[in-house]
Amino acid sequence: MATVIIPSVMRSATGGVEAVHVPGGTVRAVMHGLVAQFPELGSKLFYDKDQLHHYLALFVDGIEVRASQGLYAQVSEDAEIVIVPALSGG
């Protein structure tokens with residue numbers, strides 16, 4: 001199962017859980033599995049069923065998936081997926 005690292009700003013939706021093991025062969029399957037475990041994460045991750053919020057980046061084993069195949073990128077059983085919200089300020 002892939003390990004998904006939850007950023008601290010989203011941990012209120014997971015009851016404080018920092019990392020979750022989720023099955024799936026693609027980033028999409030893993031993300032939807034994550035939302036199945038923690039439904040409150042759905043609106044924090046997606047603005048549509050398959051559209052990530054523009055302020056999020058996902059990294060699979062250190063490589064940003066938007067730069068490659070997006071949600072349809074393949075993931076291995078031991079992959080690490082890190083959710084990174086954009087920082088802003090001014």
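Tutor: This is a predicted model. Strand β5, residues 56-60, pairs with β6 in the antiparallel sense, over 2 bridges. Within this pairing, Phe59 stands opposite Glu64 of β6. Strands of a sheet pair through backbone hydrogen bonds, in either a parallel or an antiparallel way.

The pair belongs to an open sheet of 5 strands with mixed pairing, in the order β2-β1-β7-β5-β6. Its edge strands are β2 (19-22) and β6 (63-64), each of which pairs on one side only.

Strand β1 covers residues 2-5 and includes Thr3. Thr3 counts as buried because its relative accessible area is 18%, and the cut-off for buried is under 20%. The side chain of Thr3 makes a polar contact with the side chain of His21, at 3.0 Å. Apart from neighbours within four places in sequence, Thr3 is in contact with Ala19, Val20, His21, Ala79, Glu80 and Ile81.

Helix α1 (residues 27-37) lies across β1, β2, β5 and β7 (80-85), and runs at about 115° to β2.

The largest nonpolar core has 27 residues, of which Val4, Val27, Met31, Leu34, Leu45 and Ile83 touch the most other members. At least two residues of this core come from each of β1, β2, α1, β5 and β7. The most come from α1, which gives 5 residues. As for Leu45, with neighbours within four places in sequence left aside, its contacts are Met10, Met31, Leu34, Val35, Gln51, Leu52, His53, Leu56 and Ile83.

Methods. Residues numbered from 1 in each chain as written. Predicted model: local features only at pLDDT ≥ 70, side-chain atom pairs only at ≥ 80, totals over all residues. Heavy atoms only, no water. Helix = DSSP H or I, 4+ residues; strand = E, 2+ residues; numbered from the N terminus. Buried < 20%, exposed > 50% of the residue type's maximum accessible area, 1.4 Å probe, protein only. Polar contact = N/O pair within 3.5 Å; in protein donor to acceptor, adjacent residues only side chain to side chain. Contact = heavy atoms within 4.5 Å. Pairing = 2+ DSSP bridges. Axes fitted to C-alpha atoms, helices over the stretch in contact; angles between N-to-C directions. Core = buried A, V, L, I, M, F, W, Y, C linked by side-chain atoms within 4.5 Å.
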